[in-house]
Amino acid sequence: MSIFRQKYKDRSGKPRESKCWYFDVTDHLETRRRFKGLADKRLTEGWKREIERLVEYRKSNESPRADSLRWIESAGKEMQARLLGLGLIDAADHARGMPLATLLDDFRSALSARDSTEEHVNLVVWRARAVIDGCGFVFFSDVNSEKVERYLADRRNSKLDSIGRQTSNFYLASLKQFCGWMVKSGRTPSNPLAGADRLNVAEDVRRERRELSEAELRKLLDATLAGPARLGVPALQRYRIYRVAVATGLRASEIASLTPRSFDLDSAVPTITVDAKASKRRSRDTLPIPHIADEVAEWIAGMAPTARLFPGPWAKHKYGGRFIRADLKAAGVEQTDDQGRVADFHALRHTCLSQLGRSGASPKVMQLYARHSTVELTIGRYGHASLSDMAGAARMLPDLSPTRQTQPEALRATGTDARDDHPDGRLSFTDASTGGTHRGSQLCTNLPDVLPMSGDLGGAAHESRTRKEPEKQRKPTNSRRPSSGEGEIRTRGTRKGTPVFETGTIGHSVTSPNVSQRGSPSSISRPILWPTPRRPHSTSSDGRAATAAASSACSVCV
């Protein structure tokens, strides 16, 4: 008999049958086990098949398949505990079948056992529960990274109650912490949110804080001392809270935990110490306070060592942002600047670290002072710099401005600096035989077809460049290259009768321009090349005759 009802007798001795069906299964140890089923016979038969399947998985050392895990989740706590006790499922499979509400209660107990503050425990569990309920998860096997990311995206894009990227990251971090605890405690083999990444908060800054200037700080402190009590916090206590916050960069909860025992004023360097339980990073932190040591000595004089220096629930209920807003208003200091940055209580921490960086402290010192895990967090979020700070840093850069120097005369003689001689940019040439200089806005058109070069080598080089004769037709020359000038260009006065043209606009010198067209020198966009020679290179005597002809022809220059 596979499925049966148990028979029994009631108190009167009458025979009775149980309402639920029962069945027997032989487990992996070859032991016959009896299980209580349901009132429905068909459902009980299904339970029997599932348990027999779990026995087969256990014998072959295989993990249960997805459909078997879903059945475990729906079987109820009593059946899950029975299967776990028989060894048919392990702790992870058992946890997968437990409701998430029960697992969250266990998670809360684990956080409290780690000496976490009650406020921190409540916040983490509340955020994780909010995502679980928003996604509709019931069992741990329902947790899915895609659904979580879709839910958080809907919250960010909601028109009624939208959240920023930073808040979205907080919700994700709380749920990932819960899933990580499930893995560490052996309740599940893997974290279903391991691939879910945080968003870049720099792309969506909902609240950007600013630092307070020294003048604004003095106004705030003076107005606070002269002001009334706010939210149950006396004016003198608020003044001291502001002083400690600006001098140390401590957070509100850390300041609220201070006692006279937290200060060491007798050492060579007076210090303040925050207990690990009150510190955000859960470590004992010590900071130097030489600049406020004398004031603190007056504050704690006569107090009990364990008495709270700043008592009251002001930090727990986050009153700091509310009473500093009122004190800033009384001091005549705008809470929001023209860039939309806000000055709230946490802005005092920004002010402390920004002033520390402006004093010349290294990034590593700033990180240790801020007690951050990375330098990037300290510099990127808390290191404020104004335009005047950047201007002061820019003045420290070396000045590499060019200095004006007179150009060498040899360079000016070749015509490369003709604009200094002729600012109007007109062409000119000098005839050394007559000593005359000719200038004009147009090129001379009455020059002879061929002008003498300063050496046979220059003529040969010119002829090969203009005619581009085949290599076999070019005759090498043993003439000696002129020792003065560049590119077969003689400088002024080096050879009698050699005209030199200067172009002030393009900064080049040539021995003769191409005069096929008339035009202004400013219209020349490339170096002027020689015209094609019509007869062989002239001798020295012929050259002097050609030079004289060129000088006489220049009477038409304008």
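One caution first. The model is predicted.

Let's start with the whole chain. It has 558 residues, and 40% of them are buried. The secondary structure comes to 21 helices and ten strands. The accessible surface is about 32500 Å². Carbon and sulfur atoms account for 49% of that surface. Now the contacts. Take those between residues at least 6 apart in sequence: 58% of them join residues at least 24 apart.

Strand β1 covers residues 3–9, and strand β2 covers residues 15–26. The two pair in the antiparallel sense, over six bridges. β1 and β2 form a hairpin, with five residues between them. Look at Gly 13 in that turn. Gly 13 has a positive phi of about 95°.

β2 also pairs with strand β3, residues 32–36. That pairing is antiparallel too, with five bridges. Here Asp 24 has Arg 34 of β3 as its bridge partner. This hairpin, β2 with β3, has five residues between the strands. Which residue there takes a positive phi? Glu 30 does, with a value near 65°.

A quick reminder for reading sheets. Strands of a sheet pair through backbone hydrogen bonds, and the pairing can be parallel or antiparallel.

Now the helices. Two packed helices are described by the angle between their axes and the distance between the axes.

Pair one is α5 and α8. Helix α5 is residues 100–113, and helix α8 is residues 165–184. Their axes come within 11 Å and cross at roughly 85°. The cut-off for roughly perpendicular is 65 to 115 degrees, so α5 counts as roughly perpendicular to α8. From α5, the contact uses Leu 100, Leu 103, Leu 104, Asp 106, Phe 107, Ala 110 and Leu 111. From α8 come Gln 177, Phe 178, Trp 181 and Met 182. By class, this contact of α5 with α8 has nine nonpolar residues, one polar and one charged.

Pair two is α6 and α7. Their axes are 10 Å apart, and the packing angle is about 100°. α6 and α7 are therefore also described as roughly perpendicular to each other. On the α6 side, look for Ala 130, Val 131, Gly 134 and Cys 135. On the α7 side, look for Lys 147, Val 148, Tyr 151 and Leu 152. The class count for α6 with α7 is six nonpolar, one polar and one charged.

Helix α10 runs over residues 235–248, helix α14 over residues 347–358. The axes come within 6 Å, crossing at roughly 40°. That makes α10 oblique to α14. Tyr 242, Ala 245, Val 246, Ala 247 and Thr 248 of α10 meet Leu 348, Cys 352 and Gln 355 of α14. How many charged residues are in this contact of α10 with α14? There are no charged residues, against six nonpolar and two polar.

Last, two single residues. First, Asp 142. Asp 142 sits in the loop between α6, 118–135, and α7, 145–157. Is Asp 142 buried or exposed? Its relative accessibility is 18%, so Asp 142 counts as buried, since the cut-off is under 20%. Leaving out residues up to four places away in sequence, Asp 142 touches Arg 70 and Phe 137.

Second, Ser 74. Ser 74 belongs to helix α2, residues 66–74. Ser 74 is exposed, at a relative accessible area of 54%. Ser 74 and Phe 139 are 65 residues apart along the chain, yet their C-alpha atoms are separated by 9.4 Å.

Definitions and conventions
Residues are numbered from 1 along each chain as its sequence is written. This is a predicted model: local features need pLDDT of at least 70, side-chain atom pairs count only at pLDDT 80 or more; totals for chains, interfaces and linings use all residues. Side-chain values use heavy atoms; hydrogens and water are left out. Axes are lines fitted to C-alpha atoms, for helices over the stretch in contact, and angles run from 0 to 180 degrees between N-to-C directions. Helices (H or I, at least four residues) and strands (E, at least two) are DSSP runs, numbered from the N terminus. Angles under 35 degrees count as roughly parallel, over 145 as roughly antiparallel, 65 to 115 as roughly perpendicular and the rest as oblique. Contact means heavy atoms within 4.5 Å. Ala, Val, Leu, Ile, Met, Phe, Trp, Tyr, Cys and Pro count as nonpolar, Asp, Glu, Lys and Arg as charged, and the others, Gly among them, as polar. Buried means under 20% relative accessible area, exposed over 50%, partly exposed in between (1.4 Å probe, protein chains only). Accessible areas come from the Shrake-Rupley method with a 1.4 Å probe; for residues, only the protein chains shown count as cover. Two strands pair if DSSP finds at least two bridges between them.
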